[in-house]
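Here is a quick tour of a protein chain for someone meeting it for the first time. Have a look at the structure, then read on.

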Amino acid sequence: MRSFTTDEDPMTRSTLPFLAVASALVLALSACAADAEVAAPSTPAAPRASSSPSPTPADAAPERLYVALGDSLAAGYQPGGTELRDTAYPALTANRLKAAGASLEVENLGCSGETTTSLIEGGKCTFDEGSQLEQAEAVLAERKGQVALVTIDIGGNDLLACVRGGAAIDAACVDKGVDTVEKNLPTILERLRSAAGPDVPVLVLGYYNPWVAAQTLDQPVAGVEEAAQGYADLSDAIEAAAEGAGATFVSLDEAFATNDSTPTEIGGRTIPENAARVCTLTNLCTARDIHFSDEGAATVARVLADAATTAGVGAES
């Protein structure tokens with residue numbers, strides 16, 4: 001197992017209206033938790049992969065399969081409830097790898113509202129095989145020998161459900177959510193590793209910590225410090241599960257400057273760098289929505305593509 005991060009150039013930010021972020025942050029998070037419950041489609045989360053690669057010119061390398069699993073982040077969830085899979089991070093990751101010479105067909109199974117429990121048992125989105133994990137296993141079996149990459153993000157919704165009415169965070173619920181991830185994620189990753197085989201890179205994406213913004217902006221919400229620690233514990237649980245399954249943990253801490261409190265000006269206000277990154281890489285400070293902005297999706301795609309390249313996904317793939 002490798003814990004992967006990547007260096008990045010200083011980010012250029014447009015001036016963002018702050019939209020009374022201090023009063024909006026927890027409303028956004030609680031809304032996201034609620035949206036995650038209602039936004040899951042009743043139809044399959046993504047079309048099934050075809051049984052054979054798309055036709056390619058005789059002198060071009062044949063397409064290999066990239067299977068993406070996850071929650072609303074993988075599904076490309078947007079403010080207002082739509083999903084734009086063509087601009088979600090799995091599609092953008094494949095585009096970056098294609099530019100480097102690796103032609104990949106994307107099977108995006110991401111399901112908005114998915115938790116570690118529902119990913120195993122089903123119930124959020126409709127899949128032919130029952131659950132997202134069972135669907136992935138079926139696709140990996142069907143395309144055995146053609147799979148170049150598997151990625152997954154899961155676990156965030158196990159904690160987001162702990163926001164209570166926008167006014168408080170249930171600390172005991174946060175702890176229980178982390179415990180659930182610690183229980184379920186090793187099973188998920190071990191099954192994915194078994195289905196993919198020993199030679200296919202399995203990249204496990206970490207999460208960003210939205211609560212650094214709440215702490216910085218002095219949001220008067222009970223339990224915000226426990227929530228911030230809960231996301232740190234979630235990251236540790238995801239990394240440990242990846243290591244145990246022989247997968248690669250891909251951290252977002254550097255991209256989101258999680259531990260960087262350097263004063264930074266954004267929207268006419270000086271706040272720590274980590275809070276500014278949350279505003280820039282998510283829709284929180286513009287649309288009161290915690291999901292990735294266009295820049296955030298592109299940033300995550302760069303981090304994942306670099307990790308995939310390091311793991312051996314290249315032109316020969």
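Cys 279 and Cys 285 are both buried, where buried means under 20% relative accessible area, exposed over 50% and partly exposed in between (1.4 Å probe, protein chains only). These two cysteines are joined by a disulfide, a term used here for a pair of cysteine sulfur atoms within 2.5 Å. A disulfide is a covalent bond between the sulfur atoms of two cysteines.

Before going further, note that this is a predicted model: local features need pLDDT of at least 70, side-chain atom pairs count only at pLDDT 80 or more, and totals for chains, interfaces and linings use all residues. Residues are numbered from 1 along each chain as its sequence is written, and side-chain values use heavy atoms, leaving out hydrogens and water.

The structure holds three disulfides, and here they are side by side.

| Disulfide | S to S distance | S-S torsion and hand |
|---|---|---|
| Cys 111 and Cys 125 | 2.1 Å | about 95 degrees, right-handed |
| Cys 162 and Cys 173 | 2.1 Å | about -75 degrees, left-handed |
| Cys 279 and Cys 285 | 2.1 Å | about -40 degrees, left-handed |

Number the bonded cysteines in sequence order and the pairing reads 1-2, 3-4, 5-6. Cys 111 and Cys 125 are buried too. Cys 162 is buried at a relative accessible area of 0%, and Cys 173 counts as buried at 16%.

Helices (H or I, at least four residues) and strands (E, at least two) are DSSP runs, numbered from the N terminus. An α-helix has 3.6 residues a turn, so residues three or four places apart point the same way.

By this rule there are four salt bridges. Another one links Glu 105 and Arg 143, at 3.1 Å between the closest N and O atoms. Glu 105 is in strand S3 and Arg 143 in the loop between H5 and S4, so the pair ties together parts 38 residues apart in sequence. Arg 143 is buried, with a relative accessible area of 0%, and Glu 105 counts as buried at 11%.

How about helix H5 itself? Within residues 132-142, the buried ones are Gln 132, Leu 133, Gln 135, Ala 136, Val 139 and Leu 140. Viewed down the helix axis, they fall within an arc of 160 degrees, so they line one face of H5; the arc is that of the directions from the axis to the C-beta atoms. Their cover includes strand S3 (104-108) and helix H7 (171-196).

Stepping back, the chain has twelve helices and twelve strands, and buried residues make up 57% of its 317 residues.

Technical notes. Contact means heavy atoms within 4.5 Å. A salt bridge is a side-chain nitrogen of Lys or Arg within 4 Å of a carboxyl oxygen of Asp or Glu.
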